[in-house]
Structure formats: structure tokens, C-alpha cells
Amino acid sequence: FFRSCASGPAGRPWTPMDDDVITDSKQVLQDALASGNATAIQQAYTNLGHHFFERSQFPPALKCFEKVLGSVQDMPVLERDEPAVLERQGVAHNQLGLIHLVQGQYARALEAHRSALVVAQRLQDCPGQNMAYTNMGTAFEHMGDREQALQCHQKALTIAEQIDDLPGQGLAYASIGTLYGSLGDYDSALVCHHNALSIAEGMGDLDAQSVACCFLSQAYQETGQLEKALQYQRQELLILEEEGLNVDLQAKAENNLAALLALMGAEDEALAHYQKALALQTDNQADRYTAWIGTGDVLHTQGHYAKAFQAYQTAREVAEVLDDFEALGMGYNKIGVA
């Protein structure tokens, strides 16, 4: 939930093994339905739902987890309160909430995660409560209610500290820091992001370190501390290069570093990093658009108007591929200026 490009599970390429897993899970479900055993039915729907969710097959996943809750409602009232049944309800509510988040249905996501929280509280399940508060905070943030989001993430942090959950603490600090930044409280944001970075370094979590560095760079830039911003932007890029796993994130980091260098007047170095972003084999056309626009801006500042015009033309072509009218309009405006 902390990469600006993230919109849910990154669906991986479908393989024949996926077909086998889904087919086998459906057969288990049919056997469970034939047996009439509520526990077996709920577990089978849960497993099948997880398999669909992991493959970004959200509509069938949604139906599976709804079926779990429907099966629970068909049970005698006293049996619904058994711990194992409550656990399956909690999982179903949580997964439904995550699916609604991915689909942009934030009010429904909030409702589902509130239900998951109630179940976790009944079970005295601290990790479950932590997860529910975190996801509720995410839903509130998307709905524009930053104060409620902040309260949820602060509750998640308190629980994570109580159960000594370091990844949970790092996640909460990152969320709280981002919210403070959106509220204009950059000093508090910096404290939170430094805490998140310290935790990530202690765990040796390179991905979390790169995220914290990205946020630190943004916060320092907002406060006008450009040298500090540059330090953490370079650090983020170094970590991503060390991981070497996500060229899309590397391209974004190259673009961010280039934009910051251009802002600081280091135009030749900025151009070099925009070119590095373009050289990465990324399928993300938005990153390519950003790099071409940035390249054109730097070239125009340097007085290389013909080259700037060519860069803006290329950016416009990328915007057409993206079918992004706002980007396309900016591309035409830049061409007009050039």
C-alpha cells in the first residue's frame, strides 16, 4: 500500500500449473458440498478464494468469500461463535475488504474491515486487529478522511508495539508519516519515516528501506532541504539497483532523482538519469512519459529547443498509447512552448 504505483496484488503470468491448482480446488469444493459438512465447505471456499485472489482473479475470489459468510449464516447460532468458525469469518471479511480496496470500492472495504476487526476483538487476536486497523486506515485515506485514517494507523502501531511486531511497526510508521505529510506536518512525517527506515535496516528488509528512503526524500524536498532529499533519493535508487528485481520502481526512482537534480540546477546529470530511466526495460508507459517530458524540460532550459521539441513529441506519442487525455494535453502544451 506504500508504493504510489501500487493498486493491489501484481497479477503474475498465468501458467498451466495455475489451471491445475484451480481445478483441484474446485474438485475439493464439490466434494465438500456433496458431504454437506459446513466446516469442509467453508474451508474449501476459503482455499479456492485465496487461489483466485493470488492470481488477481477478483470477481470469483469475491464470490468464494461471500459463500464462506453465507455458509456460516446457515449454521445454528451457537455454532457460529466457535473459535474456528469465527476465524474463517475473519479471514473472509478481511479478504473481501482487500478485494474492495483493489477495486476502488472504499466504503464497502471499510465495512468489511470493520467486520474483521469485530471478529478479531472477539477472538482477542492482536495481529488480526492490527491488520484490520491498517486496512481501515487505508480505506479512510482513499475516502479523503485523513484524521480517521491517522487514528486507525496509530492504533495499529500501538498493537504492533505491544506484540513486538517489527514489520507491523514499520508499516504503521510509514502510513502515519505519509498522512502527516499529506496534512502538511513534515516534521512529524520525517520522524515517522526515519523510524520506519531504522526498523527496516534492523530487519535487513531492502524493499522497506527503499520505500522509507523514497518518503524521506519527498518530505525533505517539501521542507526545502534539497541536499537531504538528494541523499535519500540516491539511497533509494542504490537499494533498488542492489535488489535488481523491479525495473518499474527503478525507473520511477531514476525519474525522481532526475527531477530533483534539475530543480537543483544539475541539468546534465538530470539528463543522464532521465536517459537511464528510458533505458530500463519497463512496460510502464507512464514512467517513459515522465522521462521524456523531463528530458524536454531540461533541454528547453538549456536552450536546445529542437531537441526539446523532439522529446515533447515523443512524450505526446506515449500519452496517446496511454490514452491519458491530461498527459496528452500537457504534451501538446509543451510542444507549443518549444
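Helix axes are lines fitted to C-alpha atoms over the stretch in contact, and angles run from 0 to 180 degrees between N-to-C directions. Helices themselves are DSSP runs (H or I, at least four residues), numbered from the N terminus. The model is predicted: local features need pLDDT of at least 70, side-chain atom pairs count only at pLDDT 80 or more, and totals for chains, interfaces and linings use all residues. Residues are numbered from 1 along each chain as its sequence is written, and side-chain values use heavy atoms, with hydrogens and water left out.

Two packed helices are described by the angle between their axes and the distance between the axes. The axes of helix H2 (residues 38-54) and H5 come within 11 Å and cross at roughly 25°. H2 is therefore roughly parallel to H5 (angles under 35 degrees count as roughly parallel, over 145 as roughly antiparallel, 65 to 115 as roughly perpendicular and the rest as oblique). The crossing of H2 and H5 is left-handed, a term used if the near helix is turned anticlockwise from the far one by less than a right angle; clockwise is right-handed. From H2, the contact (heavy atoms within 4.5 Å) is made by Thr39, Gln42, Gln43, Thr46, His50 and Phe53. H5 contributes Val85, Arg88, Val91, Gln95, Leu98 and Ile99.

Gln95 lies in helix H5 (residues 83-102). Gln95 is buried, with a relative accessible area of 8% (buried means under 20%, exposed over 50%, partly exposed in between; 1.4 Å probe, protein chains only). Neighbours within four places in sequence aside, Gln95 is in contact with His50, Phe53 and Phe65.

Val72 belongs to helix H3 (residues 58-73). Its relative accessible area is 1%, so Val72 is buried. Beyond neighbours within four places in sequence, Val72 touches Gln42, Arg80, Val85 and Gln89, in the sense of being in contact. The C-alpha atoms of Val72 and Arg88 are separated by 8.8 Å, with the residues 16 apart along the chain.

A pair of aromatic rings is described by the distance of the centres and the angle of the planes. Rings of Phe, Tyr and Trp (its six-membered ring) pair if their centres lie within 6.5 Å; planes under 30 degrees apart count as stacked, over 60 as edge-to-face and the rest as tilted. The structure holds two aromatic pairs. Phe53 and Phe58 have ring centres 5.7 Å apart and planes at 65°, so this pair is edge-to-face. Phe53 and Phe58 are both buried. Tyr220 and Tyr232 form a stacked pair, 5.8 Å centre to centre with 10° between the planes. This pair links distant parts of the chain: Tyr220 is in helix H11 (residues 206-222) and Tyr232 in helix H12 (residues 226-243), twelve residues apart. Tyr220 is buried, at a relative accessible area of 8%. Tyr232 is buried too, at 9%.

H12 also packs with helix H13 (residues 247-263), at an angle of about 155° and with the axes 9 Å apart. H12 and H13 are therefore roughly antiparallel. Their crossing is left-handed. Residues making the contact include Leu226, Leu230, Leu237 and Leu240 of H12 and Leu249, Leu257, Leu260 and Leu261 of H13.

In helix H10, the buried residues are Ala189, Leu190, Cys192, His193, Ala196, Leu197, Ile199 and Ala200. The buried residues of H10 pack against helix H9 (166-182), H11 and H12. After H10 comes Gly204, with a positive phi near 70°.

Notes: Helices (H or I, at least four residues) and strands (E, at least two) are DSSP runs, numbered from the N terminus.
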